[in-house]
Amino acid sequence: MNVFEKMLSIDRRWIFLAIGIAVIVPFFFPLGLPVVVTPPVESLYDAVDEIHPNDAPLLLSIDYAPATLPELEPMAMAILRHAFEKDVNVVVMTLHPAGYGLAERAMLDAAEEMGQEYGTDYCFLGFQPGTSAVILGMGVNIATVFPEDAYGTPLAEIPMMEGVRNYDDIPLVISLAGWSAAEAWVYYAYQPFGQAVGAGVTAVMATDFYPYLSSNQLVGLLGGMRGAAEYEMKIDNPDKGVQGMDSQSIIHIMIIILIVAGNIAYFGARRRKKLEEAEAA
Amino acid sequence: MGTIIWTTIGAILTLSVYSFLYKDNPFYKFAEHLVVGISAGYYLVIYYYNFIDPNVVTPVFQLRLGDQAIGFGSGAWWLALIPGLLGLLLYTRFFPKVAWVARWSLGIYVGGYAGLGLSPVMQARVIEQIGANALPLTSVTNVLIVVGLLGTLAYFFFSMKHKGILGVFARTGIVFLMVGFGASFGYTVMSRISLLIGRVSFLLHDWLHLV
Amino acid sequence: MRRQIPLALCFIAGLFMAVQYFIPHPTVQDTYEIVLGWLQTLLAFAFLLGTVSLIRMHFHKIRNRADDRAFSWVTLLGLVSMIGLGFLHPQHQLPGSPFNLMFLNVQVPIEATMFSLLAFYIASAAFRAFRARTLEATLLLVAACIVMLGRVPIGDLIHESIPAATQWILNVPNLAAKRGVMIGVGLGMMATSLKIILGIERAWMGGSD
């Protein structure tokens with residue numbers, strides 16, 4: 001067995017171990033690498049920034065599940081902190097059943113940190129099933145789809161919801177999702193009602209959203225943990241997104257090295273085999 | 001104290017799942033089966049209390065819709081009862097002799113959602129995108145975007161052999177598609193690593209308070 | 001009765017929901033709102049149907065004394081405990097309730113960790129499977145490497161042109177390719193929807209009569 005074949009037959013658990021170490025080390029020895037903000041994040045930040053304080057609310061649809069939590073929760077926290085800092089009212093809801101507990105956690109954490117009051121600064125509508133039916137229904141009348149908030153208070157009795165009937169009274173919707181919910185907001189809120197929609201999606205989905213960005217169907221886009229990190233930089237409050245960028249940098253370099261090494265080993269082994277066959281012939 | 005216990009439970013379950021990286025084992029299997037049960041139970045309660053109870057059970061049996069009383073046999077009562085009955089019909093699937101009745105509800109469900117999506121999907125994915133791609137060919141970037149789109153569409157056009165000008169466009173399309181898939185792959189790596197970073201952060205920060 | 005009625009219901013529901021966008025008459029819009037609610041209800045009941053199937057499957061395993069039946073008990077125990085906490089605890093939706101704590105400290109860590117396993121496997125695949133055998137595969141790998149570098153801060157430090165190249169890849173070739181796929185898939189989705197409404201696509205009815 002030559003060196004190339006040995007490389008190719010390496011136990012994958014060594015690779016797992018290397019990845020584990022590479023993720024852990026930057027937590028103890030942070031590199032503090034700078035995060036540059038890109039235009040899609042800048043646009044979403046500007047859209048939130050332009051909402052009038054203590055007026056028509058931002059609708060934040062926290063549509064993620066635990067599987068995509070590390071990418072999308074930092075986005076939720078950053079957007080909520082930004083809105084609360086600017087005294088922008090926020091209506092939180094979810095289209096995913098698992099989003100119920102996660103949306104509530106993010107909302108309460110950010111509200112407590114920023115000293116916001118339930119009912120006047122923010123409220124939680126909870127979960128409703130049937131993505132497209134919910135989004136379309138809210139375009140007609142939010143109170144028909146969500147007659148009460150998540151804790152049983154009729155919407156009419158929530159001070160910040162006074163005068164908020166449908167999308168005409170909502171300057172911006174942001175969906176944070178690891179599935180097709182963000183796209184559904186484009187289909188069913190932007191298309192029929194002209195509602196301004198922004199999205200925060202997992203990195204896996206991010207490249208598929210560039211056509212919506214380019215056609216202005218989305219006002220802005222956060223892609224994966226990097227998107228969250230950029231938003232954190234914009235609000236000058238670096239948190240888990242920025243913190244994760246050091247490990248992300250190291251691992252990306254490592255993956256590139258693995259791709260190159262794998263190819264060297266593969267082509268090296270193939271060349272050696274051909275030479276041996278030629279010699280044997 | 002309670003927080004520490006709960007966080008430790010989360011950490012033990014996290015490590016149980018990671019034990020699969022060494023090899024399949026009972027700890028992993030336990031966590032895997034537990035999460036199936038827990039999540040099904042969680043979703044069931046959330047679905048029931050957020051939708052079925054306020055929209056079907058309470059109006060039909062307690063004659064109340066939101067904070068308003070409704071009359072037995074009134075329009076609102078029937079409008080809550082009918083979808084509830086249609087929903088229950090889905091359960092005839094468990095009784096082979098009458099399983100076909102479930103198709104009635106399924107027909108409304110499948111047809112309704114299919115119809116609901118037609119126009120917005122056409123508008124969002126086709127018309128708006130074609131409109132956005134009608135770019136003036138005054139810059140290299142615009143030319144590349146237009147050629148790239150035509151090439152990609154040509155690649156997926158299977159009604160004719162990919163020969164001549166169609167072949168040239170289709171081959172161009174492959175180049176654009178590969179670069180696009182490459183970008184997706186790069187982002188996929190980023191996504192998966194982010195999930196790992198999140199869990200490591202939980203173990204080191206939230207549980208052990210080491211960082 | 002067994003095929004014609006469901007097909008007719010499918011056609012009527014589909015046609016109505018498709019054309020209501022173009023008929024702003026109050027009666028049509030009121031009916032539309034009612035049907036939207038019905039669709040939500042059906043979805044909710046359909047979800048519960050899945051839970052019933054899950055219970056049946058695990059009972060079946062236990063009854064048949066399958067080798068891994070002990071884990072079926074774990075699933076059922078998890079299910080019953082969550083349902084119990086949800087239904088017996090009147091304030092189950094509030095933060096800090098046992099129901100909520102079980103979700104945040106049992107379901108969330110396991111689910112999140114399971115998906116994070118993919119990080120290890122994608123690294124292993126990077127070494128074992130991604131080969132630059134053809135020009136197309138090489139293009140894919142080069143684009144992937146540029147994007148991987150350009151989307152992390154270290155890319156800026158290596159060379160300032162890397163993030164710029166990444167943005168260009170995303171905004172030009174990626175945009176063109178994804179837009180092509182988006183249009184194609186959009187047309188496919190519409191075609192499938194029409195086939196369902198018109199009764200050409202009947203897979204949703206299942207087999208037999």
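Guide: Two residues are in contact if their C-beta atoms, placed from the backbone, lie within 7 Å. The model here is predicted. By that cut-off, 46 residues of chain A are in contact with 47 residues of chain C.

Visitor: Which elements give two or more residues to the side of chain A that touches chain C?

Guide: They are helices H2 (12–28), H4 (69–85), H5 (99–114), H6 (131–140), H10 (210–214) and H12 (240–280) of chain A. The largest share, 13 residues, comes from H12(A).

Visitor: How do the residues on the side of chain A that touches chain C divide into nonpolar, polar and charged?

Guide: On that side of chain A, 28 are nonpolar, 13 are polar and five are charged.

Visitor: How many residues does the contact take from chain B and from chain C?

Guide: The contact takes 94 residues from chain B and 100 from chain C. H4(B) gives the largest share of the chain B side, 24 residues. The chain B side divides into 63 nonpolar, 26 polar and five charged residues.

Visitor: What makes strand S4 of chain A mostly covered?

Guide: A residue is called buried because 20 or more other C-beta atoms lie within 10 Å of its own. In S4(A), residues 172–177, six of six residues are buried, and the strand is therefore mostly covered.

Visitor: Which residues point one way from S4(A), and which the other way?

Guide: A:Leu172, A:Ile174 and A:Leu176 point one way, while A:Val173, A:Ser175 and A:Ala177 point the other way; all are buried.

Visitor: Why is S4(A) said to pair with strand S1 of chain A?

Guide: Pairing needs at least two bridges. Five bridges join S1(A), residues 58–62, to S4(A), so the two strands pair. S1(A) and S4(A) run parallel. A:Ser61 stands opposite A:Ser175 in S4(A).

Visitor: What joins S4(A) to strand S5 of chain A?

Guide: Five bridges join S4(A) to S5(A), residues 197–201, and these strands run parallel. In S5(A), A:Ala199 is the bridge partner of A:Ser175. The chain crosses from S4(A) through helix H8 (residues 181–193) of chain A to S5(A).

Visitor: Why is this β-α-β crossover called right-handed?

Guide: The crossover is right-handed, which means that, with the strands pointing away from the viewer, the path from the first strand over the helix to the second runs clockwise.

Visitor: What are the scores of the model?

Guide: The model scores ipTM 0.90 and pTM 0.91. For chain C, the mean pLDDT is 92, and 98% of its residues reach 70 or more.

Methods:
Residues numbered from 1 in each chain as written. Chains lettered and ligands numbered in written order. Predicted model: local features only at pLDDT ≥ 70, side-chain atom pairs only at ≥ 80, totals over all residues. Helix = DSSP H or I, 4+ residues; strand = E, 2+ residues; numbered from the N terminus. Nonpolar A, V, L, I, M, F, W, Y, C, P; charged D, E, K, R; others polar. pLDDT = per-residue confidence, 0-100. Buried ≥ 20, exposed ≤ 12 C-beta atoms within 10 Å, placed from the backbone.
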